[in-house]
Amino acid sequence: MRFINTVRASFVLMTLTLAGCASLDLTTSEQVEVETNSENTDKVQLTSFELLALELKQQTNHYRQNQRSASAAAKSDFLAAIEFKRQGEIASAEKIFTRLSAEHPKLSGPYLQLGDIYLLGEGADKFERAEAQYRLALAVNQYNYHARNRLAQVLRQQGQFADAEEQYKKAIASWPAFKPAYLNLGILYDLYLGDKSKALEHYQTYQALNDKPERKVKGWIADLSRQVANQKTSQLAEVK
């Protein structure tokens, strides 16, 4: 069990990394909504969570609706900074993102990327600095679910579990099909808040939103399903 919990906790960091390649305000491969033709879907064969996933994918992406446009030059600079970051040239990336945030204060992307860079640092104040940037991103665009997700990660790492839960929920409200928030909220319930039933529900929703089920999460669902079933059996025995 300790091994399983360690894997789940490390998956939080992996999720943050996967959400890191962002554009200005922002459109990423991760954000692309999957088009679903419900008329051609045999709903009789779908599980309740798969049906829920279809519904969620059709909900409004408030973040996309509230994106701000940027000049071609700003986009070019942003992508150059992303590439520097990808190659590990963090100082060069930070310099560009800092300049962009000063020149284009109404774009949330540079703030989010600076938060990620600060979080990579070694200083004792790295969480505080990263949190400040994520909050600046949200002040510019409250629907930036990437920033909500990152902010929740920082809050969780500082033991502020209730605040982290709230941010994950707000990320989901901004786009109900935003997968990472379901996964991370599931991990929060599972490992930090001890609510196995809610954790199971969020893992199942995350898995249903995937085009292809993830093996690790499938194992977590099986593990939690047994735990929840055993818990219910114990509760029934106590009633008797």
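Trainee: How do you know how confident the predictor is in the protein?

Mentor: The mean pLDDT is 86, on a scale that runs from 0 to 100. A pLDDT of 70 or more is reached by 80% of the residues.

Trainee: What makes you careful about residues 26-43?

Mentor: There, pLDDT stays under 50, although the model has 43 contacts beyond four places in sequence for that stretch. Residues 13-23 also have pLDDT under 50 throughout, with 27 such contacts in the model. Where pLDDT is low, predicted coordinates should not be read in detail.

Trainee: Which secondary structure does the protein have?

Mentor: The count is 12 helices and zero strands. A helix needs a run of at least four residues, and a strand at least two.

Trainee: Why is Glu-131 called buried?

Mentor: Its relative accessibility is 16%, and buried means under 20%, so Glu-131 counts as buried. Glu-131 lies in helix α7, which covers residues 126-140. Across the protein, buried residues make up 43% of the 240 residues.

Trainee: Which residues does Glu-131 touch, leaving aside those up to four places away in sequence?

Mentor: Leu-151, Val-154, Leu-155 and Gln-158. To count as a contact, heavy atoms must be within 4.5 Å.

Trainee: What makes the pairing of the Glu-131 and Gln-158 side chains a polar contact?

Mentor: The two side chains are 3.5 Å apart at that contact, and the cut-off is an N or O pair within 3.5 Å, with one atom able to donate a hydrogen and the other to accept it. The pair therefore qualifies as a polar contact.

Trainee: Which residues touch the most other members of the largest nonpolar core?

Mentor: Phe-97, Leu-183, Tyr-203 and Val-217, out of 52 residues in that core. Helix α10, residues 179-193, supplies the largest share of the core, with seven residues.

Trainee: And what does Phe-97 touch beyond four places in sequence?

Mentor: Its partners include Phe-78, Ala-81 and Ile-82 on one side of the sequence, and Pro-110, Gln-113, Leu-114 and Ile-117 on the other.

Trainee: What share of the contacts between residues at least 6 apart joins residues at least 24 apart?

Mentor: That share is 63% for this protein.

Definitions and conventions:
Residues are numbered from 1 along each chain as its sequence is written. Side-chain values use heavy atoms; hydrogens and water are left out. Buried means under 20% relative accessible area, exposed over 50%, partly exposed in between (1.4 Å probe, protein chains only). A nonpolar core is a set of buried Ala, Val, Leu, Ile, Met, Phe, Trp, Tyr and Cys residues joined through side-chain atoms within 4.5 Å.
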